[in-house]
Amino acid sequence: MPALCRDCLTQFDAGPRCPACKRPRIICHDELFALSIAHMDCDAFYASVEKRDNPELADKPVIIGGGRRGVVSTACYVARIRGVRSAMPMFKALALCPDAVIVRPRMSVYVETSRAIRAMMEELTPAIEPLSLDEAFIDLTGTERLHGRPPAVMLAHLIKRMRSELGLTGSVGLSHNKFLAKIASDLDKPHGFSVIGAAETQDFLRPRPVRLIWGVGAAAQGALERAGIRTFEDLLRWERVDLVARFGSMGERLWHLARGEDRRRVTRNAPMKSISNETTFGEDTSDPDILDGHLWRMCEKVADRAKAKALAGRVVTLKLKRGDFTLITRRVSLTDPTQIADRIYRTARGLFDQVEGKGPYRLVGAGISDLVPEDVADRAGDLLDPKAGSRAAAERATDEIRARFGDDAILKGRALR
């Protein structure tokens with residue numbers, strides 16, 4: 001059976017240790033050197049960057065996020081052992097891990113580190129599809145002739161470089177399509193390397209829960225369970241036409257994924273469809289000042305991301321979740337696209353004021369969609385709001401000051417609520 005030492009990159013026949021360096025960190029698989037679709041996911045990325053930059057945090061539970069009313073962005077593995085998870089309300093995370101060190105996100109540092117990792121990937125192949133700052137699909141099909149080594153070896157070399165040059169680790173999933181590669185990358189975290197071959201696909205999937213399917217959240221999982229579908233084996237019992245009749249377009253996708261089929265290509269420049277941000281409160285609230293402050297911060301973050309990506313949106317969306325988990329979504333199309341926080345906020349606030357039966361709420365969020373390049377944004381002005389132009393100009397000036405002196409150089413009063 002083909003084997004690879006993940007430390008010294010020696011290729012050999014299967015064995016308990018590498019014959020060259022004598023270490024046990026090896027990966028063995030019949031199809032190891034025949035597969036070329038990978039998913040690479042950095043291990044607890046934000047927290048790992050903070051531990052790298054501050055060695056005093058090395059053995060401590062670290063949570064990246066805001067104050068008690070915020071949510072967890074990510075947590076190191078020490079905190080995860082205690083039950084802390086991403087998107088968990090901060091008050092709950094601190095109850096599970098009271099000795100955690102809370103670190104506010106340093107997005108500029110994470111972006112810079114992500115770019116360094118991306119540059120390493122670019123040396124392997126141009127076929128890279130980023131999913132976020134810390135994970136991406138990589139298609140290494142046809143690169144063995146270029147590099148003189150199989151894709152599996154080049155992926156192990158990538159992870160080795162990340163650790164030696166950037167002080168970070170990542171986990172790799174290698175398979176014959178994107179669906180299985182992403183599942184594989186979660187099998188052996190952190191610092192893992194897992195393979196799912198074509199020959200074993202059916203046997204691998206059959207007993208596993210359908211929640212492994214990317215995009216199947218709590219609501220979809222509940223719908224599947226009501227239909228008696230909990231595992232891939234349950235899915236295989238359904239006829240294709242029946243799945244489509246019950247679940248629509250998702251049923252067609254489920255039929256293929258149950259068989260390990262995924263024809264999606266690794267797309268280098270997959271278009272972004274929307275930009276959004278949301279927060280879950282530590283306690284449900286109807287306080288108008290608190291809600292308004294959070295709504296402004298969400299809109300400001302959306303605007304910052306849009307400006308960073310040189311995009312603007314024609315549609316503004318408001319998202320609310322009541323204390324009874326009722327989800328409310330409202331959206332409106334603008335006369336021209338925007339990336340200005342003030343305009344996004346005022347539009348979202350108008351949608352909020354139209355919602356019947358106020359609070360209490362457990363979540364608020366805002367976003368823009370129908371994205372276009374920024375050079376066509378905010379041109380028409382607003383005849384009903386003659387001061388909109390001056391506020392937009394002030395916001396641009398504020399952006400320049402923050403770029404020079406930091407994000408906290410200027411704050412709006414409503415941001416402090």
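Predicted model: local features only at pLDDT ≥ 70, side-chain atom pairs only at ≥ 80, totals over all residues.
**View 1. The protein chain as a whole, with 15 helices and 15 strands.** Of the 417 residues in the protein chain, 47% are buried. The accessible surface comes to about 21,100 Å², and carbon and sulfur atoms account for 51% of this area. When contacts between residues at least 6 apart in sequence are considered, 63% of them join residues that are at least 24 apart.

**View 2. The ring pair of F45 and Y46, one of the seven aromatic pairs in the structure.** The ring centres of F45 and Y46 lie 5.9 Å apart and the ring planes meet at 55°, so the pair is classed as tilted, given that planes under 30 degrees apart would count as stacked and those over 60 as edge-to-face. F45 has a relative accessible area of 2% and is therefore buried, and Y46, with a relative accessible area of 17%, is buried as well, because the term applies to values under 20%.

**View 3. The aromatic cluster that includes F45 and Y46.** Together with Y110, the residues F45 and Y46 form one aromatic cluster.

**View 4. The charged end of R80 over the ring of Y77.** In this view, the charged end of R80 is placed over the aromatic ring of Y77, at a distance of 4.6 Å from the ring centre.

**View 5. The charged end of R259 over the ring of W255.** Here the ring belongs to W255, and the charged end of R259 sits over this ring, 3.9 Å from its centre.

Key. Residues numbered from 1 in each chain as written. Heavy atoms only, no water. Phe/Tyr/Trp six-rings, centres within 6.5 Å; stacked < 30°, edge-to-face > 60°. Buried < 20%, exposed > 50% of the residue type's maximum accessible area, 1.4 Å probe, protein only. Lys NZ or Arg CZ within 6 Å of the ring centre and 35° of its normal. Helix = DSSP H or I, 4+ residues; strand = E, 2+ residues; numbered from the N terminus. Contact = heavy atoms within 4.5 Å. Areas by Shrake-Rupley, 256 points an atom, 1.4 Å probe, with all protein chains shown as cover.
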